Amino acid sequence: LRNAVKCVPSQGPAETPDEYDGPILVVAGSRHDCTFCQVEAAAAAGVTVLRFDLSGHRSDAGVVAGVRHILAGRNVILATDAHGEATDADAAAQCIASTAVAIVDRTGIGGLVLTGGDIAAATCTALDSASIRLLDEVAAGIPMGRLHDGRRPGLPVVTKAGGFGADDALVKAVERLRNVGTPG
């Protein structure tokens with residue numbers, strides 16, 4: 001996560017705070033083909049996908065309102081429409097992170113899946129979190145933990161590199177976060 005977020009070892013069994021018992025928000029900001037295949041697989045498995053335009057590099061209030069409505073009962077993937085397009089990666093990450101954090105601040109989510117290192121770092125920074133307490137892996141190379149500090153300590157989170165994982169990686173991450181209190 002580019003030294004922006006450190007991982008700390010787990011200490012004892014994970015508790016599932018009641019405040020994190022809602023639907024899962026997947027933030028799929030990577031423009032890698034692998035991520036696009038994973039988003040499509042998750043959509044086929046019934047996860048709602050909302051795409052937004054990064055051309056203005058600013059948070060999209062319409063997306064925030066739409067996700068708030070949908071998250072009332074379903075898991076949601078917030079994805080960009082910038083498939084492979086050249087864009088300022090830092091500005092795009094900040095835009096995606098600010099939109100994701102606006103959603104987190106206004107809804108009761110059960111966990112976050114952050115796809116792409118820039119996205120994970122920007123989102124954790126926007127949540128004032130500098131560390132993730134590691135708990136388990138969704139799959140080899142896809143860690144799961146809880147935010148250790150910041151505005152949402154204890155929030156379950158999965159991080160995944162944009163160009164990494166099988167087509168069902170996001171589906172498995174959502175399923176794993178829905179069952180975060182049970183052993184892997």
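View 1. Leaving aside its neighbours within four places in sequence, L112 is in contact (heavy atoms within 4.5 Å) with L25, V27, V104, T123, L127, L155, P156, V157, V158 and L177. The model is predicted: local features need pLDDT of at least 70 and side-chain atom pairs pLDDT 80 or more, while totals for chains, interfaces and linings use all residues. Residues are numbered from 1 along each chain as its sequence is written, and side-chain values use heavy atoms, without hydrogens and water.

**View 2. The largest nonpolar core.** A nonpolar core is a set of buried Ala, Val, Leu, Ile, Met, Phe, Trp, Tyr and Cys residues joined through side-chain atoms within 4.5 Å; buried means under 20% relative accessible area (1.4 Å probe, protein chains only). Among the 29 residues of the largest core, L25, V27, L112, L114 and L147 touch the most other members. Two or more residues each come from β2 (24–28), α2 (61–70), β4 (76–80), α3 (89–106), β5 (111–115) and α4 (117–126). Helices (H or I, at least four residues) and strands (E, at least two) are DSSP runs, numbered from the N terminus. Helix α3 gives the largest share, nine residues. Another core, of 20 residues, lies apart from this one and includes V26, I77, V113 and V171.

**View 3. Residues joining α3 and α4.** On the α3 side are A89, A93, Q94, I96, A97 and V101, which meet D118, I119, A122, T123 and A126 in α4.

**View 4. Helix α5.** Seven of the 10 residues of α5 (residues 169–178) are buried, so this helix is largely enclosed by the rest of the structure. The buried residues are A169, L170, V171, A173, V174, R176 and L177.

Note on methods
Buried < 20%, exposed > 50% of the residue type's maximum accessible area, 1.4 Å probe, protein only.
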